[in-house]
Amino acid sequence: MNQTAGLKITARAAAELCRQAACGGEPGAMALELVPGSCEAWAIQLRAGTGEAAIARSDGITLYGHSHQLQLLQGLQLDFQSSLSGGGFLLRGGEQIRSCTCGAAFTPRG
């Protein structure tokens with residue numbers, strides 16, 4: 001696990017980000033954007049490619065995002081969970097955030 005701007009990426013998430021980046025034609029580069037969520041204040045959107053600022057690096061992947069959203073990601077962890085019915089990226093943050101049951105939407109506490 002590694003980090004740049006306070007966002008941590010688990011090994012599982014890094015492996016899936018690498019896979020999706022390669023499938024999207026942008027090996028080693030993914031962009032994360034926080035968009036208004038329907039179940040919590042913010043939801044994550046991921047796409048292959050670069051963005052404004054490198055916000056995290058781990059195991060062969062650089063995750064890019066908007067510099068004005070860095071504070072919202074501070075201290076959070078991006079993970080990936082898969083099951084027979086599918087998989088998805090999850091944001092974890094302990095007591096720092098309130099998460100939706102979907103795991104991809106959150107509201108900062110405080």
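In what order do the strands of the open sheet stand?

## The sheet

The order is β5-β6-β3-β4-β10-β9. That makes 6 strands in an open sheet, and the pairing is mixed. Two edges close the list. β5 (53-58) and β9 (97-99) stand there, each with a single partner strand, so one side of each has no neighbour in the sheet. Neighbouring strands are turned by 35 degrees against each other on average, direction ignored.

Some terms need cut-offs. Strands are DSSP runs of E with at least two residues, numbered from the N terminus. Two strands pair if DSSP finds at least two bridges between them. Axes are lines fitted to C-alpha atoms, and angles run from 0 to 180 degrees between N-to-C directions.

## About the model

This is a predicted model, in which local features need pLDDT of at least 70, side-chain atom pairs count only at pLDDT 80 or more, and totals for chains, interfaces and linings use all residues. Residues are numbered from 1 along each chain as its sequence is written, and side-chain values use heavy atoms, with hydrogens and water left out.

Strand β3 covers residues 29-36, and strand β4 covers residues 42-48. The two run antiparallel and are joined by 7 bridges. A hairpin of 5 residues leads from β3 to β4. Look across this pair for facing residues. L32 stands opposite L46 in β4. L34 stands opposite I44 in β4.

β4 also pairs with β10. This pairing is antiparallel too, over 2 bridges. Here W42 stands opposite F106 in β10.

## T62 in strand β6

T62 lies in strand β6, residues 61-65. Is T62 buried or exposed? Its relative accessible area is 13%, so T62 is buried. Buried means under 20% relative accessible area, exposed over 50%, and partly exposed in between (1.4 Å probe, protein chains only).

Which residues does T62 touch, not counting those up to four places away in sequence? They are G28, A29, M30, A54, A56 and R57. Contact means heavy atoms within 4.5 Å.

## G103 in a loop

G103 sits in the loop between β9 and β10 (105-108). With a relative accessible area of 9%, G103 is buried. Leaving aside neighbours within four places in sequence, G103 is in contact with F89, L90 and L91.

How far apart are G103 and F80 in space? They are 9.9 Å apart, C-alpha to C-alpha. In sequence, G103 and F80 are 23 residues apart.

Methods: Helices (H or I, at least four residues) and strands (E, at least two) are DSSP runs, numbered from the N terminus.
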